[in-house]
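I opened this notebook page to record what I looked up in the structure. The entries follow the order in which I made them.

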Amino acid sequence: MTTPDAPDAPDALDPAWLARTVAVALDEDLGPAPGRDVTTQATVAPDVPGVAHLVAREAGVVAGLPVVAEVLRQVTDRLGLAPATVDQRVEDGTAVEPGDVLAVLTGPVQALLVAERTALNLASRASGVATHTRRWADALAGTGAQVLDTRKTTPGLRELEKYAVRRGGGTNKRMGLHDVAMVKDNHVVAAGGVAAAVEAVRARFPDVTIQVEADTTEQALEAVGVGARFLLLDNMPTPVLAATVEAVRAGEGATGRVELEATGNLTLDRAAEVAATGVDYLSVGALTHSSPILDLALDLVEGVRAPGPAV
């Protein structure tokens, strides 16, 4: 197992968000609280103790493991069962191989089985995002460019998916519409021009960062001219992108540093080529909207001691 350096971002999921999200997920699976699992509760007595291993079924990068303990906590609370414990054996962001034990869960068998699918759904989803992100981070290693996520997230799971991007070695862009102004083509049309849009945002929300989308070199230079210092260079062929970066960089003696992001129809096989143009970031919506899950499993162990700590 290998663990990368942690990205510069908050390390933990927000506890309040996590509690709310798990509660909704359990309502979905068990019905309104306290809910029930008719199969497990009919076949397993509530006082039967057990041990289960959370195991990787395929190679990848894990994320979202703290979700498991919260799911178990809420299940035991709902069903009035004895508390369960989670011994997490690897950290989020760790590269794992098939068969690696990620965590050892100890507690009532009822709790382990009731919690299984909700815990796996969330952790597998986050691990899939982290795994996909790591491929991009590896492709960009040494180029000076970073991979960014977008707002193309699963409704209700943005916190988890953006956390998984960080664990995979990527960088979060804005968390929502509230924290960064992003002037795109429709805003330009609605406002009557790039300058009008930027000035309107600056007047109404002077405390936020303003980013401007540009489809051409001319639009990029216009945006810089009205004060934008972060540009989204959208769907530009590589030669046009390189020329635009060169033109913007040439003026930085007067404007100061301008952050440049390539966006639109980016693929892994073009990552190094796009980074070589001199952009700071490549934004990839597919990190969160198209990542397959990482196959994780929860295996119930009877009469077997838990393995020692991973080395």
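**Entry 1. Helix α4.** I worked from a predicted model. I looked up α4 and found that it covers residues 109-140, 32 residues in total. From first C-alpha to last, α4 reaches 45 Å, close to the expected 46 Å. I then checked its course and noted a bend of about 45° at E116. On accessibility, I recorded α4 as mostly covered, with 24 of its 32 residues buried. Just after the helix, I noted that G142 has a positive phi of about 85°.

**Entry 2. Packing of α3 and α4.** Two packed helices are described by the angle between their axes and the distance between those axes. I looked up both values for α3 (residues 66-79) and α4: the axes come within 9 Å and cross at roughly 145°. The crossing is right-handed. I listed the residues in contact: α3 contributes V67, V68, V71, L72, V75, T76 and L79, and these meet A111, L112, V114, A115, T118, A119 and L122 of α4.

**Entry 3. Residue V208.** I located V208 in the loop between α7 (194-204) and β8 (209-214). Is V208 buried or exposed? I recorded V208 as buried, because its relative accessibility is 19% and the cut-off for buried is under 20%. Leaving aside residues up to four places away in sequence, V208 touches D179, A181 and V201. I also looked up V208 and R167, which lie 41 residues apart in sequence and 26 Å apart in space, C-alpha to C-alpha.

Note on methods
Residues numbered from 1 in each chain as written. Predicted model: local features only at pLDDT ≥ 70, side-chain atom pairs only at ≥ 80, totals over all residues. Heavy atoms only, no water. Helix = DSSP H or I, 4+ residues; strand = E, 2+ residues; numbered from the N terminus. Expected span 1.5 Å × (residues − 1). Bend = angle between axes of the 7 residues up to and from the residue. Buried < 20%, exposed > 50% of the residue type's maximum accessible area, 1.4 Å probe, protein only. Axes fitted to C-alpha atoms, helices over the stretch in contact; angles between N-to-C directions. Left-handed = near helix turned anticlockwise from the far one by under 90°. Contact = heavy atoms within 4.5 Å.
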